[in-house]
Amino acid sequence: MTTITTAGTRTGTTAGRLPMRYVLLETRRQLRNVKAMVFTFAIPVVMLLVFGAAYGGQTDPVTHLPFLVVTTLQMTAYGAMMAALSQAFSLVTERSIGWNRQLRVTPLSGWAFLASKLVAAMAFAALSVTITFAVAILGLHASLEPGRWAAAGLGIWAGVVPFALIAILVGQFAKPAYAQPLFMVVFMGMSILGGLWVPLSVMPAWMGTVAHLLPSYWLNRVGQMGAGAAGSSGMTEPALVLAGWTVVLAAVIVWRYRRDAARR
């Protein structure tokens, strides 16, 4: 039975259904944003076609995987990361029009708010991973065992979670005027320093040290390890690093949401 509290918020069965309804609504809304989807999916595919076609016949000396496969994994991680981080723009827009303030007077908890944005980002990232893999396999004839493709793809997709949380965090703090520059700094910095554009083996030694501190490096590594890269010790290490990032970021986001809710 649904009841109304003195504060004006609903409790009972309606409150229980609200988080799931909002999660589904947010996911559908994000997937209807055709312009953002085309832009997000096109960039990694174009880069894959350019670099994959140019060097696809060679073997990467570090991973001992075909260079086309290595490039596919890099561009897949790049595209999935961009799909997740792009959620920051919708959050900034919602804050600017007062939508977040409206949510705080509903029974939507901090964790439910977090889940709604996370599910939408993961759905976006799943499409990016699928499209990039399809282009590599069907268009460029990238060769890898089906089980390896599945492990690499699922690893990259699951590893996108901390990037979705970074987008939420940016969306909670950034002002509309600074959202675009901040997104570019975060996105480009993680792409370059994480080794998604240029192999770290050809970069200065200090960049390798910095890369190990970034989730983008481990996102690429989880894909390479799933693909069976030489010297791979399994996916445990990158999974633990990415999980650590996830826990810390999630705690900060929920704290921020509750702090804002307490101000209303």
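Start by selecting H141: at 62% relative accessibility, H141 counts as exposed (exposed means over 50% relative accessible area, buried under 20%, partly exposed in between, with a 1.4 Å probe and protein chains only). This is a predicted model, in which local features need pLDDT of at least 70, side-chain atom pairs count only at pLDDT 80 or more, and totals for chains, interfaces and linings use all residues. Residues are numbered from 1 along each chain as its sequence is written, and side-chain values use heavy atoms, with hydrogens and water left out.

H141 lies in the loop between α6 (110–139) and α7 (146–158); helices here are DSSP runs of H or I with at least four residues, numbered from the N terminus. Check its backbone: phi of H141 is positive, near 60 degrees, though the residue is not glycine. Most residues other than glycine have a negative phi.

Next, select H64, in the loop between α2 (34–55) and α3. H64 also has a positive phi, about 60 degrees, and with 54% relative accessibility it counts as exposed.

Now move to α3, residues 67–85.

Finish in the largest nonpolar core, with 59 residues (buried Ala, Val, Leu, Ile, Met, Phe, Trp, Tyr and Cys joined through side-chain atoms within 4.5 Å). Its largest share, 13 residues, comes from α3. Select I156: its contacts (heavy atoms within 4.5 Å) include L73, A77 and V129, leaving aside residues up to four places away in sequence.

Conventions:
Helices (H or I, at least four residues) and strands (E, at least two) are DSSP runs, numbered from the N terminus. The expected span of a helix is 1.5 Å times one less than its number of residues.
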